[in-house]
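Please read them with the structure open.

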Amino acid sequence: MKINILSNIYTLGILFISVCVFLCAISIFASFIPWAQMLFVTTGKCIPSWKLIIVCVKANVYKYIPGNIFQYVGKNELAIDEHLRQRDVASATIMDILIMLIVSIITAFLFLRKSFFIVLFNYTNKYMLLLLSILLCCSIIIIYRVKYVNELISKLFHHPKNLIISIIYYIIQNIYISSIYLALIAKFYNGTQPLFSLSPYIYGACIISGIIGFLTPGVPGGIGIREAIMIYITNGIIEESTIIPAVLIFRVISISSDLLSYILIRLTLLLKAQKSHTKRV
């Protein structure tokens, strides 16, 4: 379609793009919240928020390493810094991921309703879904017999407040990111149907495209997958001339916010190190 990204960014305005980048960066800084809840469940310790923010923001950029898992592996840096068991930190991360997936799937279903199943069967491999379902059932049976996992489940239900906070966070986070996406689409939208009436479908499409991008193995940050799914899902609902530049610019915003948050954390650590050195002198 010969879309000129720089031209579209210029048309939208640097201020609008900057605000979107800043809003996405806020969501990256806030990503420690559900992880902190699960860490309390697995370790019983209240770790200072600023330490968790540093680890989360640093680990966030690892998602661009092929494999799509290193952003979670990177969080185990906390185990070394805080002298925690690697198993407990890894368990907190896994529990956080599971809550995120479950909440996101339910939220997408509530927005898409009947369309959810159409999207699910049209844009995923049915045999792969069946295989994953069988593996999931087998895993649950095996895991249920593991003593450590039973202890974790028991701890989780003994801390309902932490579980509820995580669930609420992911509901808000899904709506928050989808709202930024919607604002971006609105800038390009010129259809006859009011965009407000299409917003539930766009929210659901945004969430489910993020889930599929996350679940696709080996794709750094879901690049390409999330954009393609978003375009396919909204096909016939929103014109390609609207959705294609929107998804491409949203990826630019997403990468920029990852970079911005990482730079801010690095600068903070550098200033802290210099301040500490000055005090010693």
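**Notes on the predicted model**

1. Lys58 counts as buried because its relative accessibility is 11%, under the 20% cut-off. This is a predicted model, and the value is computed from it.

2. Where does Lys58 sit? Its place is in helix α4, which spans residues 49-60.

3. Which side chain makes a polar contact with the side chain of Lys58? The partner is Glu77, at 3.1 Å. Please check this pair in the viewer.

4. The surroundings of Lys58 go beyond that pair. Leaving aside residues up to four places away in sequence, Lys58 touches Glu77, Tyr262, Ile265, Arg266 and Leu269. Helix α14 covers residues 240-280.

5. Now the fold as a whole. The chain has 14 helices and 0 strands. Read along the sequence, the pattern is α-α-α-α-α-α-α-α-α-α-α-α-α-α. Of the 281 residues in the chain, 42% are buried. Lys58 counts as buried too, at 11% relative accessibility.

6. Contacts along the chain deserve a mention. Take those with a sequence separation of 6 or more: 77% of them join residues 24 or more positions apart.

7. How many cavities of 30 Å³ or more does the structure hold? There is 1. The largest cavity contains about 1,000 Å³ of space.

8. The lining of the largest cavity comprises 40 residues. Nearest its centre lie Asn60, Lys63, Tyr72, Gln173 and Arg226. By class, the lining has 18 nonpolar, 15 polar and 7 charged residues.

9. Which helices supply that lining? At least two residues each come from α2, α4, α5 (70-73), α7 (86-112), α11 (160-188), α12 (195-215), α13 (225-233) and α14 (240-280). Helix α11 gives the most, with 7 residues. Helix α4, the place of Lys58, is also among the contributors.

10. Finally, confidence. The mean pLDDT of the chain is 83, and 88% of the residues reach 70 or more.

Methods. Residues numbered from 1 in each chain as written. Predicted model: local features only at pLDDT ≥ 70, side-chain atom pairs only at ≥ 80, totals over all residues. Heavy atoms only, no water. pLDDT = per-residue confidence, 0-100. Helix = DSSP H or I, 4+ residues; strand = E, 2+ residues; numbered from the N terminus. Buried < 20%, exposed > 50% of the residue type's maximum accessible area, 1.4 Å probe, protein only. Polar contact = N/O pair within 3.5 Å; in protein donor to acceptor, adjacent residues only side chain to side chain. Contact = heavy atoms within 4.5 Å. 1 Å grid on protein atoms, 1.4 Å probe; cavity = no way out; pocket = protein on both sides within 12 Å on 5 of 7 lines; lining within 4 Å. Points joined across faces, edges and corners; volume = space filled by probe spheres on them. Nonpolar A, V, L, I, M, F, W, Y, C, P; charged D, E, K, R; others polar.
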